[in-house]
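This report describes one protein model, part by part. Please keep the sequence and the structure in view while reading.

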Amino acid sequence: MHKKHIIIGAGQAGLSIAYYLDKNKEDFLILERDSVASTWKKQYDSLTLITPNPFISLAGKKFNTQNKFPTKNEVVNYLKDYSTTFADHIVLDTQVLEITQEEKLYRLTTNKGTYHATNVIVASGYNGDPFVPNMAKDLNDGIIQYHSSTYKSLDSLPEKTSRVAVIGSGNSGIAIAKELSKKHNVSLFEGNIKRFPRKILGIDIFWWVGSLGLFKVKRGTFLGDKLAKKLIPKGDPTYGYYPEKIAKKHNIKLFKRLVQCNGNILTDQNEDFTEIDAVVWATGFRTNYHKFIKLNVFDSNKQVQHFRGTTSYDGLYFLGLKWQSNISSFLIFGVKEDAKYIYKKLNSKRKKDICVTD
Ligand SMILES: Cc1cc2nc3c(=O)[nH]c(=O)nc-3n(C[C@H](O)[C@H](O)[C@H](O)COP(=O)(O)OP(=O)(O)OC[C@H]3O[C@@H](n4cnc5c(N)ncnc54)[C@H](O)[C@@H]3O)c2cc1C
């Protein structure tokens with residue numbers, strides 16, 4: 001089957017570009033390996049967002065909630081709702097296994113057959129694969145292990161589990177450690193995370209970031225490139241989460257960075273150690289675009305080489321990259337600006353294509 005535009009992924013990024021294509025009656029399909037908003041669905045049940053509710057809406061539809069920090073289910077429902085106007089264009093349970101070029105088209109091999117497209121917009125998620133450090137294999141077979149993306153709730157662990165370690169003190173690590181501490185003895189191993197206060201002078205930090213114009217600082221400018229270079233390699237910052245305070249309040253034992261696993265013993269960089277029965281790896285993600293995109297768009301670190309989501313390949317675009325154009329690109333409310341930019345690029349390419357055909 002040939003389509004003018006194929007979008008890979010029905011998360012907020014894929015839906016955002018679909019919104020513009022649908023509004024302009026373009027010929028497009030979204031190929032989604034699972035279901036709409038599946039990445040959000042898979043997160044732990046008690047997840048609430050770090051972005052307050054004025055910072056969530058996508059283009060053309062307001063996010064309505066009474067909660068200051070919405071729950072993941074509210075986000076899932078919002079995205080599902082968002083997708084209904086172009087539901088006919090979404091093909092579920094269809095995983096893109098390989099993208100190659102064939103003459104002037106892109107060839108997408110999926111588990112359900114082959115598609116061809118003039119333009120491909122990869123919106124399959126920057127958090128491609130869960131990352132677990134190699135040392136996890138030095139744990140005994142009997143130790144229960146989850147990644148933060150597979151841990152669901154207190155019910156994920158058997159009743160009798162007593163000693164649980166959470167590795168990583170980012171937003172999900174701290175939230176999961178707090179939850180587990182209701183029932184278990186929890187050890188939290190800290191990562192190197194940037195920490196910001198939730199409020200400054202009583203006002204939410206997101207408001208300050210917006211008011212200071214930081215969401216408008218673009219890649220390709222001196223400040224934008226400097227900030228991106230500094231912040232991309234670090235995990236997402238936390239807001240108002242200070243491990244010492246949380247450990248004290250929730251009776252969690254705090255450790256420094258984990259350096260060794262051995263049987264059922266975890267040791268930190270200060271050589272403090274603890275015995276465990278279970279571990280939750282809140283150690284982040286790695287991109288996986290290079291695993292299925294067989295085109296020369298990656299640098300030596302397997303990162304996408306792009307400018308605001310456009311690549312050196314005519315008709316190949318990305319959406320949902322970290323710092324794609326600015327600091328909010330990876331967040332729900334930030335993706336609409338990038339989607340609009342990519343839509344404009346598609347539109348000017350269309351005019352060029354027509355001229356060439358004429
Ligand atoms: C724990 C956690 C908390 C977060 N909290 C916030 C928050 O508070 N506020 C905020 O704004 N952002 C938050 N984010 C960040 C961000 O909003 C999410 O990561 C978001 O899911 C990214 O959207 P996306 O559309 O780019 O990718 P995804 O949501 O990952 O969507 C990609 C879609 O592509 C599909 N897919 C992947 N590969 C293929 C393939 N090969 N073929 C077909 N389909 C494929 C997937 O199934 C998925 O449905 C959080 C992220 C995490 C992990």
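## Strand 6 and its partners

Strand 6 (residues 113–122) and strand 21 (residues 316–318) pair in the parallel sense, with three bridges. Within this pairing, Val120 stands opposite Leu316 of strand 21. Strands here are DSSP runs of E with at least two residues, helices are runs of H or I with at least four, and both are numbered from the N terminus. Two strands count as paired if DSSP finds at least two bridges between them.

Strand 1 (residues 2–8) is also joined to strand 6, by six bridges, and the two run parallel. There, His5 has Asn119 of strand 6 as its bridge partner. Strand 5 (residues 105–110) pairs with strand 6 in the antiparallel sense over five bridges. Two residues lie between strand 5 and strand 6, which form a hairpin. Arg107 has His116 in strand 6 as its bridge partner.

## Basis of the model

This is a predicted model: local features need pLDDT of at least 70, side-chain atom pairs count only at pLDDT 80 or more, and totals for chains, interfaces and linings use all residues. Residues are numbered from 1 along each chain as its sequence is written.

## Helix 1 and the ligand

Helix 1 (12–23) has 12 residues, of which 10 are buried. A residue is buried if 20 or more other C-beta atoms lie within 10 Å of its own, exposed if 12 or fewer, and partly exposed in between, with C-beta atoms placed from the backbone. Among the buried residues of helix 1 are Gln12, Leu15 and Tyr19. Just after helix 1, Lys25 takes a positive phi of about 55°.

The ligand is surrounded by 33 residues, and the closest are Gly9, Gly11, Leu49, Gly125 and Gly320.

Three strands form an open sheet in the order 16-17-18, with antiparallel pairing. Its edge strands, strand 16 (258–262) and strand 18 (273–275), each pair on one side only. Strand 16 is joined to strand 17 (residues 265–268) by four bridges, and Leu258 has Asp268 of strand 17 as its bridge partner.

## An exposed lysine

Is Lys137 buried or exposed? Lys137 is exposed, because 8 other C-beta atoms lie within 10 Å. Lys137 sits in the loop between strand 7 (129–130) and strand 8 (144–147).

Terms used
Near = placed C-beta within 6 Å.
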